[in-house]
Amino acid sequence: MATDVEQLTRPAVRVSGLVRRFGPTVVLDGLDLEIAPGEFVALLGRSGSGKSTLLRALAGLDKDVAGSGGIAVPGNVSVVFQDSRLLPWQRVLRNVLIGLDGRAARDRGLAALAEVGLAGRERAWPVELSGGEQQRVALARSLAREPQLLLADEPFGALDALTRIRMHALLRELCERHRPAVLLVTHDVDEAIVLADRVVVLDKGAIAVDVTIDLPKPRSHRDPRFLEHRSRLLTALGVDDE
Ligand SMILES: Nc1ncnc2c1ncn2[C@@H]1O[C@H](COP(=O)(O)OP(=O)(O)OP(=O)(O)O)[C@@H](O)[C@H]1O
Ligand SMILES: [Mg+2]
């Protein structure tokens, strides 16, 4: 039986020796990663490095993919993608409640919509919402499930710069309140540093860089330590910072 200390320190996510291949191509090659309960990890990596493959593996969406290795995740996982994946024929609240039943779930759905600033839009159709609003509905849909692990694959990638900044503030606030473990896939180094407790870089099938970002929040792009992290991560990604 686990001791209390083990219970307290047990990670929310534990990936060990994860291998995933598509035909002859090995995408994940013995990858190890742990995420603590309530910890926010951002995952960077070049295009095609296997970020989405890792996220899909954690979400249990890769049942038919060849591979091996250990994955332990909490029982309650939700996923947010780059597009909101709302059902166009369902109104906003119905979209948030997909797969959930009962009065308590409905109340959680209404509360989640209010938290993302969409109180009053419950009966709108997805087509009546902007891209940013649709992503907020997708976030509300995740929140209403009270996940212990939130997986997000470039959730702000399709949004304009200003909406992105607003979404960063919203996500940070929601995560601070609900404290899920988070794995956020992003191409955006600044987004990673602004939001995450830890930033990891995926390269050649494994975690090549793992940096703890212990800067106070909200974080300023002008903080010299922010710039140091950015420069180090850009180098790890093979991008020249100057
Ligand atoms: N279903 C699939 N069948 C065959 N190859 C695949 C499949 N899914 C992914 N791959 C390949 O695996 C590699 C990793 O893909 P993945 O989508 O995980 O990359 P990524 O890091 O998310 O890239 P991006 O930043 O462009 O989203 C790529 O070379 C891709 O072509
Ligand atoms: Mg991807």
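1. Helices (H or I, at least four residues) and strands (E, at least two) are taken here as DSSP runs, numbered from the N terminus. On this basis the chain has eight helices and nine strands. The structure is a predicted model, in which local features need pLDDT of at least 70, side-chain atom pairs count only at pLDDT 80 or more, and totals for chains, interfaces and linings use all residues. Residues are numbered from 1 along each chain as its sequence is written, while chains are lettered from A and ligands numbered from 1 in the order in which they are written.

2. Overall dimensions. The C-alpha trace spans about 45 × 45 × 45 Å along its principal axes. The radius of gyration, taken over C-alpha atoms, is 18 Å, which agrees with the value near 18 Å for a compact globule of 242 residues; the globule rule is 2.2 Å times the number of residues to the power 0.38.

3. Of the 242 residues, 36% are buried, that is, 20 or more other C-beta atoms lie within 10 Å of their own, with C-beta atoms placed from the backbone. Two residues are in contact if their C-beta atoms, placed from the backbone, lie within 7 Å. Among contacts with a separation of 6 or more, 71% join residues 24 or more positions apart.

4. Domains. The assignment, automatic or from a database, gives domain 1 (1-28 + 35-76 + 147-242) and domain 2 (86-146). Their centres, over C-alpha atoms, are 25 Å apart. Eleven residues from domain 1 and ten residues from domain 2 take part in the contact. On the domain 1 side, helix H6 (residues 161-178) supplies the largest share, five residues.

5. Six strands form an open sheet of mixed pairing, in the order E5-E6-E7-E3-E8-E9; strands pair if DSSP finds at least two bridges between them. Strand E5 (77-80) and strand E9 (206-212) are the edges: each has a single partner strand, so one side of each is left without a neighbour in the sheet. Neighbouring strands are turned by 20° against each other on average, direction ignored.

6. Strand E3 and its surroundings. Strand E3 (residues 40-45) pairs with strand E8 (residues 198-203) in the parallel sense over five bridges. Leucine 43 has valine 200 as its bridge partner in E8. Helix H8 (residues 224-236) packs on the sheet and touches E3, E8 and E9. The direction of H8 makes about 175° with that of E9, where axes are lines fitted to C-alpha atoms, for helices over the stretch in contact, and angles run from 0 to 180 degrees between N-to-C directions.

Terms used
A residue is buried if 20 or more other C-beta atoms lie within 10 Å of its own, exposed if 12 or fewer, and partly exposed in between; C-beta atoms are placed from the backbone.
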